[in-house]
Amino acid sequence: MKKILVIGAAGQIGTDLTLELRNRFGRDHVVASDIKLASDDIMQQGPFVKLDAMDSKQLQSIIDDYGITEIYHLAAILSGNAEKNPKWAWDLNMNSLFNVLDVSRSKGISKIFWPSSMGAFGPTTPEWDTPQVTVMEPTTVYGISKLAGERWVEYYHHKYGMDIRSLRYPGLISYKTEAGGGTTDYAVEIFYQAIKCGEYECFLSEDMALPMMFMDDAVEATIQLMEAPADQVKVRSSYNLGGISFTPKELADEIRKYIPNLEVTYKPDFRQEIAESWPRRISDEAAQKDWGWQPQYDLEKMTRVMIEKIREKLGK
Ligand code: NAD
Ligand code: AKB
């Protein structure tokens with residue numbers, strides 16, 4: 001029976017992914033870990049351990065103590081925070097990945113998931129319908145770490161026969177946990193501000209189109225990729241995921257269907273330049289063809305669920 005370790009389980013993806021993995025594979029079969037405490041439901045529902053993803057000894061003993069067979073390694077510094085402290089971000093993003101790969105290799109871990117990002121693309125990448133294989137010249141420290149990580153996971157697969165799987169997530173939108181310091185965070189913040197006070201100051205320009213995805217689709221894609229037969233997983237760097245492309249103005253207009261008086265002002269900051277270096281819309285044809293990927297959420301459905309769930313959460 002599989003026994004999963006999630007590293008970074010307190011984060012935006014980790015929270016939703018851990019809950020869904022426990023739902024599918026059993027509470028005691030999914031060990032949540034993070035450098036900080038996770039949400040109450042994760043802490044109460046199943047095993048949780050404090051883990052610094054950089055610490056190989058700690059990681060080895062958790063694998064032994066719990067009989068871990070698969071690892072989802074989610075700990076990283078996201079694009080916005082990474083630009084504030086590039087060396088720290090490079091150190092964590094790269095060395096935690098090496099730690100997970102090397103310990104997993106020595107312990108015979110059967111499968112590893114590690115996320116890349118649309119941030120691995122850069123200003124010379126084709127902006128519209130970005131293909132799976134294309135020019136990749138990222139200009140952020142986050143993107144450089146993701147592109148380097150993609151090359152390394154493919155290397156460990158070819159060189160050591162390890163089964164490592166990866167997705168280039170677009171910006172993720174969810175309601176259980178706050179977004180973790182990225183360039184796409186506006187698309188989560190705007191919902192909270194709209195519901196709390198009807199006003200939002202957006203740090204990207206109103207026409208800055210970016211690919212985004214509702215968390216339920218992202219979690220589904222992740223588990224679907226991890227459960228696919230190995231011979232269907234033909235891309236061993238990282239699969240493109242397309243999601244929904246929209247601008248801040250288009251999102252605000254969709255939210256106004258529920259909160260008509262929402263006022264949005266636009267004050268682009270340093271994250272505008274990061275966003276401008278990323279694709280506008282991504283093609284995930286390879287994921288569709290290889291392991292049958294099909295998203296379920298469009299802008300309308302995602303907005304409806306976000307409004308409903310955040311209203312419930314805030315009691316508004
Ligand atoms: P997040 O910042 O919300 O969560 C990351 C978690 O890692 C946090 O809970 C943090 O405490 C933990 N962490 C940090 N340092 C650690 C360490 N040394 N040891 C153990 N845990 C540590 O990030 P997220 O949005 O959940 O992203 C998860 C992964 O997905 C990252 O690799 C990120 O690059 C990638 N990704 C995220 C998005 C997105 O929109 N959220 C998009 C593309 C890719
Ligand atoms: C970020 O904005 O840094 C993340 C990402 C797209 O990787 N949401």
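Let's start at ligand 2, where one of its oxygen atoms sits 2.5 Å from an N or O atom in the side chain of S79. That is a polar contact, meaning a pair of N or O atoms within 3.5 Å; within protein, one must be able to donate a hydrogen and the other to accept it, and residues adjacent in sequence count only if both atoms are side-chain atoms. Y142 also reaches an oxygen atom of ligand 2, with a polar side-chain atom 2.7 Å away. T184 places a polar side-chain atom 2.8 Å from a nitrogen atom of ligand 2. On its own, ligand 2 has 250 Å² of accessible area, and the protein covers 93% of it. Such areas come from the Shrake-Rupley method with a 1.4 Å probe; for residues, only the protein chains shown count as cover.

A quick word on what you are looking at: this is a predicted model, in which local features need pLDDT of at least 70 and side-chain atom pairs count only at pLDDT 80 or more, while totals for chains, interfaces and linings use all residues. Residues are numbered from 1 along each chain as its sequence is written, chains are lettered from A and ligands numbered from 1 in the order in which they are written, and side-chain values use heavy atoms, with hydrogens and water left out.

Now, ligand 1. Which residues come nearest to it? Of the 26 around it, they are Q12, I13, D34, A53 and Y142; being around a molecule means having a heavy atom within 4 Å of it. An N or O atom in the side chain of D34 is 2.6 Å from an oxygen atom of ligand 1. The side chain of D52 has an N or O atom 2.9 Å from a nitrogen atom of the ligand, and a backbone N or O atom of A53 lies 2.8 Å from a nitrogen atom of ligand 1. Taken alone, ligand 1 exposes 830 Å², and the protein buries 92% of that.

D34 takes us to strand β2, residues 30-34. Strands (E, at least two residues) and helices (H or I, at least four) are DSSP runs, numbered from the N terminus. Is β2 enclosed or open? Five of its five residues are buried, so the strand is largely enclosed by the rest of the structure. Buried means under 20% relative accessible area, exposed over 50%, and partly exposed in between, with a 1.4 Å probe and protein chains only. V30, A32 and D34 point one way from β2, and V31 and S33 the other. Strand β1 (residues 4-7) runs parallel to β2 and joins it over four bridges, with V6 opposite A32. Strands pair if DSSP finds at least two bridges between them.

Step back, and you can see an open sheet of six strands in the order β3-β2-β1-β4-β5-β7, with parallel pairing. Its edge strands, β3 (48-50) and β7 (164-165), each pair on one side only. Two bridges join β7 to β5 (residues 111-113), and I112 has I164 as its bridge partner.

Four bridges join β10 to the parallel strand β14 (residues 263-266), where C202 has Y266 as its partner.

Last stop, P126, in the loop between β6 (116-117) and α6. What is its relative accessible area? It is 36%, so P126 is partly exposed. P126 and R280 are 154 residues apart along the chain, yet their C-alpha atoms are separated by 9.0 Å.
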